Amino acid sequence: MRLRAYITWSDLFLVAALLALAGFLFFVSSRWIVSRGTQVEIIAGEKSVGVYPLDQDRVIEVTGPLGKTEVEIRDGRARIRSSPCLNKICMRMGELGAAGGCIVCAPNEVVLRLRSGPVDGLDAVSR
Amino acid sequence: MVSGPTSRNREDGSLPRPGLEPRRGSPGEQPSEERVQKLARLALLLALATAIHTAEAMLPMTVVWFRFGFTNIVSLATLYLFGFKDALLLTVGRVLLGSLVTGLFGSPAFLLSMSGGLAAILGMGLFYRCCAPALSEVGISVIGAVLHNVTQLGVAYWLLIRNEGVFLLLPVMLAAGVGAGALNGLAARFFIRHFKKITMMPS
């Protein structure tokens, strides 16, 4: 059975627009999604230095017994940029994103901990 | 649907009953041959859509829960052949029947299927009404598939998984919708032509 496999210009335009939207979202959405509502809490010694949202880039200096530790928030992730400790293990521990976790500089007594914003007042959800 | 007395066919010379004859279009009217034919064809299409829905649900999941959405072929064909109301009924019916057969009636998967299917057929009907000659079956099918996926994602976020990370899947769902929608559109065109040929409907 003969069948004309025609596609109109509107079809092509629609497909192109949707694929462009998909591509755009692909490169942009990870930044949007990951940093929304997530905050990193910085603790020096016993005290909490502050709670900072992940979607704003900044550098925070934390003073500990050994000196100044620089915490950098960039691209929705938090990491320790520089620290006066001996082994610099904290600087190689990676970055905190939406996945959670914590980064610790034990000699300088600095703890980075992830805290997500309140989710509609729910404390926990089980599925 | 339409029911009534079985033999009040005027052409056979049966007794007319003045004052008791139902108006045209009311439920008591004798169903004409065309209406019965249409009913039978719609019923077959519904059965086909349900079968495809069920068979597709049995396909193993390759990546996440992506399906090709072959049932949209039948929905789209019904839209083109019988109009929007019948296509809407077909979609709702095949989700209900399909979920009964697969045993997922009332489960979250049913909710996702129903919301996706409804959004798809509503969108397809809307775009069919407004842009039918400009957008061929491929375009309308793409719209249906994309609306289906996006609505499923939205419903999954809203009612099931309150985690914004769900929307990271959006670009993949869009692309998959475009791809599957295009293929389904071509298949739907073939289906419509063939259906018209074998049922001798006016083309």
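Me: Which residues is Gly144(B) in contact with, leaving aside its neighbours within four places in sequence?
Reply: Two residues are in contact if their C-beta atoms, placed from the backbone, lie within 7 Å. With neighbours within four places in sequence left aside, the contacts of Gly144(B) are Asn72(B), Leu76(B), Ala120(B), Gly123(B), Met124(B) and Gly181(B).

Me: What pLDDT do local features need in this model?
Reply: Residues are numbered from 1 along each chain as its sequence is written, while chains are lettered from A and ligands numbered from 1 in the order in which they are written. The model is predicted; totals for chains, interfaces and linings use all residues, side-chain atom pairs count only at pLDDT 80 or more, and local features need pLDDT of at least 70.

Me: Is Gly144(B) buried or exposed?
Reply: A residue is buried if 20 or more other C-beta atoms lie within 10 Å of its own, exposed if 12 or fewer, and partly exposed in between, with C-beta atoms placed from the backbone. Gly144(B) has 33 other C-beta atoms within 10 Å, so Gly144(B) is buried.

Me: How many residues of H2(B) are buried?
Reply: Helix H2 of chain B covers residues 71-82. H2(B) is largely enclosed by the rest of the structure, because the buried residues number 10 of the 12.

Me: Are H1(B) and H2(B) roughly parallel or roughly antiparallel?
Reply: Their axes come within 8 Å and cross at roughly 160°; axes are lines fitted to C-alpha atoms, for helices over the stretch in contact, and angles run from 0 to 180 degrees between N-to-C directions. Angles under 35 degrees count as roughly parallel, over 145 as roughly antiparallel, 65 to 115 as roughly perpendicular and the rest as oblique. That makes the pair roughly antiparallel.

Me: What share of the residues in chain A is buried?
Reply: Chain A has one helix and seven strands, in the pattern α-β-β-β-β-β-β-β along the sequence. Of its 127 residues, the buried share is 22%.

Methods. Helices (H or I, at least four residues) and strands (E, at least two) are DSSP runs, numbered from the N terminus. The expected span of a helix is 1.5 Å times one less than its number of residues.
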